[in-house]
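Please have the sequence and the coordinates at hand while reading.

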Amino acid sequence: MTERRGLFTLQTSLYLSPENRARLEHLVRERRSNPPDVVSQILAEHPLSQLSSDMDGVDGEPIHMRIYLTPEQRQAFETYLATHKTTLSVLVSRIVANHLATLPVPPPAPPPRPKADLAKRRADLARLKARRDEAGKDAPAWLHAYIAQMEAELRRLERET
């Protein structure tokens with residue numbers, strides 16, 4: 001364990017069903033955060049005293065996860081793990097799975113943009129750059145701004161595909 005800004009950073013594995021994994025991904029996008037912060041917040045919001053003693057039944061592929069705990073949370077987790085003879089990954093997986101099960105099913109992710117759309121955007125951008133270069137220093141400012149916006153949008157789309 002390492003200490004960072006008053007928080008202990010722990011490495012663990014999170015086991016989630018495909019449905020709960022989709023819910024977690026949606027929650028991370030919705031909160032515009034990153035997975036360790038969202039999972040750490042879920043852990044902070046769910047006291048161990050309210051957790052059922054049934055720790056069996058974690059399923060899914062492991063997601064290697066970093067979590068952040070306050071010193072008080074760390075002590076409570078260590079005590080709980082020793083008392084209930086379980087592992088950190090099982091405990092964290094159960095808490096997160098219980099929380100995610102209360103959330104509605106997320107809407108389906110939008111389909112990826114077809115490659116033809118990217119090719120068309122690249123061609124449009126090349127045409128506009130040629131028009132700007134042809135105009136030289138007399139090219140209007142709006143054209144420079146529009147080209148910059150198109151380039152940024154194209155980079156974003158290329159990262160998504």
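Rings of Phe, Tyr and Trp, the last taken by its six-membered ring, count as a pair if their centres lie within 6.5 Å. By that criterion the structure, which is a predicted model, holds zero aromatic pairs.

**Aromatic rings**
- Although there are zero aromatic pairs, the ring of F8 has the charged end of R74 sitting over it, at 4.4 Å from the ring centre.

**Helices α5 and α6**
- Helix α5, residues 115-135, packs with helix α6, residues 141-160, at an angle of about 155°, and their axes are 10 Å apart.
- Because angles over 145 degrees count as roughly antiparallel, α5 is roughly antiparallel to α6, and the crossing of the two is left-handed.
- From α5 the contact draws on residues including L118, L125 and L128 together with R121, R122 and D124, while the α6 side includes W142, L143, Y146, I147 and M150 as well as E151 and E153.
- Divided by class, the residues of this contact are ten nonpolar, one polar and nine charged.

**Helices α1 and α4**
- Helix α1, residues 18-31, and helix α4, residues 88-101, pack at an angle of about 80°, with 10 Å between their axes.
- Since angles of 65 to 115 degrees count as roughly perpendicular, α1 and α4 are therefore roughly perpendicular to each other.
- N20, R23, L24 and L27 of α1 make the contact with A97, H99, L100 and A101 of α4, a set that divides into five nonpolar, two polar and one charged.

**Helices α3 and α4**
- Helix α3, residues 71-84, packs with α4 at an angle of about 110°, their axes being 10 Å apart, and the two are therefore roughly perpendicular to each other.
- In α3, the residues F77, Y80 and L81 meet L88, L91, V92 and I95 in α4.
- The contact of α3 with α4 has seven nonpolar residues, with no polar and no charged ones.

Notes. Residues numbered from 1 in each chain as written. Predicted model: local features only at pLDDT ≥ 70, side-chain atom pairs only at ≥ 80, totals over all residues. Heavy atoms only, no water. Axes fitted to C-alpha atoms, helices over the stretch in contact; angles between N-to-C directions. Helix = DSSP H or I, 4+ residues; strand = E, 2+ residues; numbered from the N terminus. Parallel < 35°, antiparallel > 145°, perpendicular 65-115°, else oblique. Left-handed = near helix turned anticlockwise from the far one by under 90°. Contact = heavy atoms within 4.5 Å. Nonpolar A, V, L, I, M, F, W, Y, C, P; charged D, E, K, R; others polar. Phe/Tyr/Trp six-rings, centres within 6.5 Å; stacked < 30°, edge-to-face > 60°. Lys NZ or Arg CZ within 6 Å of the ring centre and 35° of its normal.
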